[in-house]
Amino acid sequence: MHSQGLNIVGVSLDKDANKWKEAISKDKLTWAQVSNLKFWDEPIAAQYGVQEIPSTFILDASGKIVARNLRGADLRAKIIELLAK
């Protein structure tokens with residue numbers, strides 16, 4: 001759905017750069033990945049109030065959180081709904 005405007009950014013709470021990069025490769029993650037390697041002190045996680053892993057946030061084009069922690073069919077449906085707007 002990237003061609004329709006969906007962008008995914010993974011924020012890792014890892015502490016070890018090598019293990020983090022190995023996991024990206026092993027899991028064949030093709031979207032942007034970021035980490036400050038600060039575990040729970042990750043500034044992005046703090047900014048969004050992440051308290052569990054995994055956590056998902058859907059942001060609109062202005063950066064406003066429009067949904068959080070959706071999984072499976074609910075996540076897909078919300079993305080489709082938002083991309084249709």
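How many aromatic pairs are there? The count comes to two. Rings of Phe, Tyr and Trp (its six-membered ring) pair if their centres lie within 6.5 Å; planes under 30 degrees apart are stacked, over 60 edge-to-face, and the rest tilted.

This is a predicted model, in which local features need pLDDT of at least 70, side-chain atom pairs count only at pLDDT 80 or more, and totals for chains, interfaces and linings use all residues. Residues are numbered from 1 along each chain as its sequence is written, and side-chain values use heavy atoms, with hydrogens and water left out.

**Aromatic rings**

| Pair | Centre to centre | Angle between planes | Type |
|---|---|---|---|
| Phe39 and Trp40 | 6.2 Å | 70° | edge-to-face |
| Tyr48 and Phe57 | 5.5 Å | 55° | tilted |

How open are these residues? Buried means under 20% relative accessible area, exposed over 50%, and partly exposed in between (1.4 Å probe, protein chains only). Phe39 has 36% relative accessibility, so Phe39 is partly exposed. Trp40, at 37%, is partly exposed. Tyr48 is partly exposed at 24%, and Phe57 is partly exposed at 23%.

The charged end of Lys15 sits over the Phe39 ring, 4.7 Å from its centre. The rule asks for NZ of Lys or CZ of Arg within 6 Å of the ring centre and within 35 degrees of the ring normal.

**Strands and a hairpin**

Helices (H or I, at least four residues) and strands (E, at least two) are DSSP runs, numbered from the N terminus. Strands E3 (residues 57-59) and E4 (residues 65-68) run antiparallel, joined by three bridges. Two strands pair if DSSP finds at least two bridges between them. Ile58 stands opposite Ala67 in E4. The hairpin of E3 and E4 has five residues between the strands, and Gly63 there takes a positive phi near 95°.

**One salt bridge**

Side chains of opposite charge can pair when their charged atoms come close. A salt bridge is a side-chain nitrogen of Lys or Arg within 4 Å of a carboxyl oxygen of Asp or Glu. The count here is one salt bridge. Lys78 forms a salt bridge with Glu81, and their closest N and O atoms are 3.4 Å apart. Both residues lie in helix H3 (residues 72-83). Lys78 and Glu81 are three residues apart, about one turn of the helix. Glu81 is partly exposed, at 38% relative accessibility.
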